[in-house]
Amino acid sequence: MAGGGFVAADGSAHDYGGGVTFPVVVTSLMAASCGLIYGYDTGVTGGVTQMDSFLSKFFPEVQSGRKSARSDPYCKYDNQWLTAFSSSLFIAAALSSLVASRVTRKIGRQAIMLVGGAMFLAGSIVNAAAVNIAMLIIGRMLLGFGLGFTLQAAPVYLSETAPARWRGAFTSAYNTFVVIGILSATITNYITNRIPGWGWRVSLGLAAVPGVIIVLGAFFIPDTPSSLVLRGHPDKARAALQRIRGRHASVDAEFKDIVRAVDEARQNDVGAYRRLFSKEYRHYLVVGLAIPVFYQFTGMIVISVFSPVLFRTVGFTSQKAILGSVINSITNLVATVLSTFIMDRTGRRFLFIVGGIGMMLCEVAISWVMAGHLGKHQGVTMPRSYATGVLVLICMCTFSFGLSWAPLRWVVPSEIYPVEIRSAGQAMSISVALCLAFAELQVFIALLCAMKYGVFLFYAACLLIMTIFMAAFLPETKGVPLEAMQSIWTRHWYWKRFVGDAKHGSQINNLNTN
């Protein structure tokens, strides 16, 4: 809740005056580094699944079928166990994020990040030592449990500690570390792909590095002021707030608002999930779920995970396919850093719209190129110039994604929920997103085989729908303190009717009680 602003009696939002201090930067960077484990796993998985050393040990039928001259170029990697290796992490993460939402209220966000890092570390060790598919899946699920815990805690931690004026930049730092993790993984794959026999073990085992970083980093950051107050430690909460706002900053007004908000949350402590589905909170639920659902249907999660597989599909060699993923990851990082600097100036809604249009046009173009030149004239690859064109289009699509949906997917859901349903709302958003990611990764290769180039037209149509939704129904949250977030709904052309009805219902309940 330490958002850097408060709500006056007239409903307007004022700035507390807290600025960017060295402690808040260090603390936020430590928390944002949780994104490394998500990014590294996303980047390493697709590269490993097309390595000859990995396929020959666990999926020899895929390797032999891929080399067949009669093989459909769209169906080279259509194997459900191979996709289960990629997707099993996400179903485990979805389940653990729901558990983490309840545990957070007992032990705090800092401890949740510590537990998540430890689980991820254990999973990386099991995967590196795997001797059969069962060990691979068990390791992936341990990684998923760690990911679910850190996903539930880290974005909200950043939102609760950042000054309101720069909350977008601080919260999007999580996505910056996700992209750094992806880039690190693709570079690792590029190097280890040259190691015959056991290069894949190095790629999977090095996931322990971000796990260690999270575990060690969690020991050096305090819990958020809101979490400390919620767990009955007001003195520690005030000290933590003073530390992140600066020794000479006045934190009285902000601390009083945090205590007030937490007291209101305690009065509604039971039934957070039930209230989340009530009419009073319907606007939070719709937007909070729409963003992660739409995010999965941008098509970028499968491009991020399976980009080496896609590049192999259109004709690159293994090494060049991974190099293409490195180039794509660098593009993503550049776009993410740019988004961090402009997000709190342009606003969230504008970037959602611009990014959605850019991705839609690129995916239509990718579909057109693949339709015209992949698998034609009895060939299993496309001409080099067109394959390079696909790489360029994917990088352009990734740039639009990194500028908009990639960081905003974490920023907006972490800031729109009121404190009494924040953990439940964040857990709901994350669990829905991870369940969809599991389903999408599990079926994408089969969809590519069945729909061929049409799969990208499907994603383009989804992007059109979600861009229209964001333009019409997303209120702008730029620069609004967390404590004043309700004001954006009361001014929105559509959602104000639900806020108004909720207030009227509350007044009637109060009269009946009296």
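**Cores, helix packing and selected residues of a predicted chain**

In the largest nonpolar core, which has 121 residues, Tyr 38, Phe 54, Tyr 174, Trp 405 and Trp 489 touch the most other members. A nonpolar core is here a set of buried Ala, Val, Leu, Ile, Met, Phe, Trp, Tyr and Cys residues joined through side-chain atoms within 4.5 Å. Buried stands for under 20% relative accessible area, exposed for over 50%, and partly exposed for values in between (1.4 Å probe, protein chains only). Leaving out residues up to four places away in sequence, Trp 489 touches His 283, Tyr 284, Val 287, Ile 416, Pro 475, Trp 495, Lys 496 and Val 499, where contact requires heavy atoms within 4.5 Å. A second, separate core consists of 13 residues, among them Val 24, Leu 228, Val 251 and Ile 258.

The model is predicted, with local features requiring pLDDT of at least 70 and side-chain atom pairs pLDDT 80 or more, whereas totals for chains, interfaces and linings use all residues. Residues are numbered from 1 along each chain as its sequence is written, and side-chain values use heavy atoms, without hydrogens and water.

The secondary structure of the chain amounts to 24 helices and two strands; these are DSSP runs numbered from the N terminus (helices H or I, at least four residues; strands E, at least two). Of the 514 residues, 60% count as buried. Among contacts between residues at least 6 apart in sequence, 80% join residues at least 24 apart. The chain exposes about 19,400 Å², of which carbon and sulfur atoms supply 67%; accessible areas were computed by the Shrake-Rupley method with a 1.4 Å probe, and for residues only the protein chains shown count as cover.

Helix H7 (residues 133-161) packs against helix H20 (residues 405-416) at an angle of about 75 degrees, and their axes are 9 Å apart. H7 is therefore roughly perpendicular to H20, a class that covers angles of 65 to 115 degrees; those under 35 count as roughly parallel, those over 145 as roughly antiparallel and the rest as oblique. Axes are lines fitted to C-alpha atoms, for helices over the stretch in contact, and angles run from 0 to 180 degrees between N-to-C directions. On the H7 side, Leu 151, Pro 155, Val 156 and Ser 159 meet Trp 410, Ser 414 and Glu 415 of H20.

Thr 150 also lies in H7 and is buried, with a relative accessible area of 0%. Apart from neighbours within four places in sequence, Thr 150 is in contact with Cys 34, Ile 37, Met 113, Gly 116, Gly 117 and Pro 155.

In helix H10 (residues 208-218), the buried residues include Ala 208, Pro 210, Gly 211, Ile 214, Val 215, Gly 217 and Ala 218. Their cover includes helices H1 (22-32), H2 (35-48), H6 (109-128) and H9 (199-205).

Helix H13 (residues 252-267) contains Lys 256, which is exposed at 60% relative accessibility. For Glu 254 and Leu 241, 13 residues apart in sequence, the C-alpha distance is 8.8 Å.

Most residues other than glycine have a negative phi. Lys 452, not a glycine, has a positive phi of about 55 degrees. Lys 452 is located in the loop between helix H21 (419-451) and helix H22 (454-473) and is partly exposed, at 27% relative accessibility.
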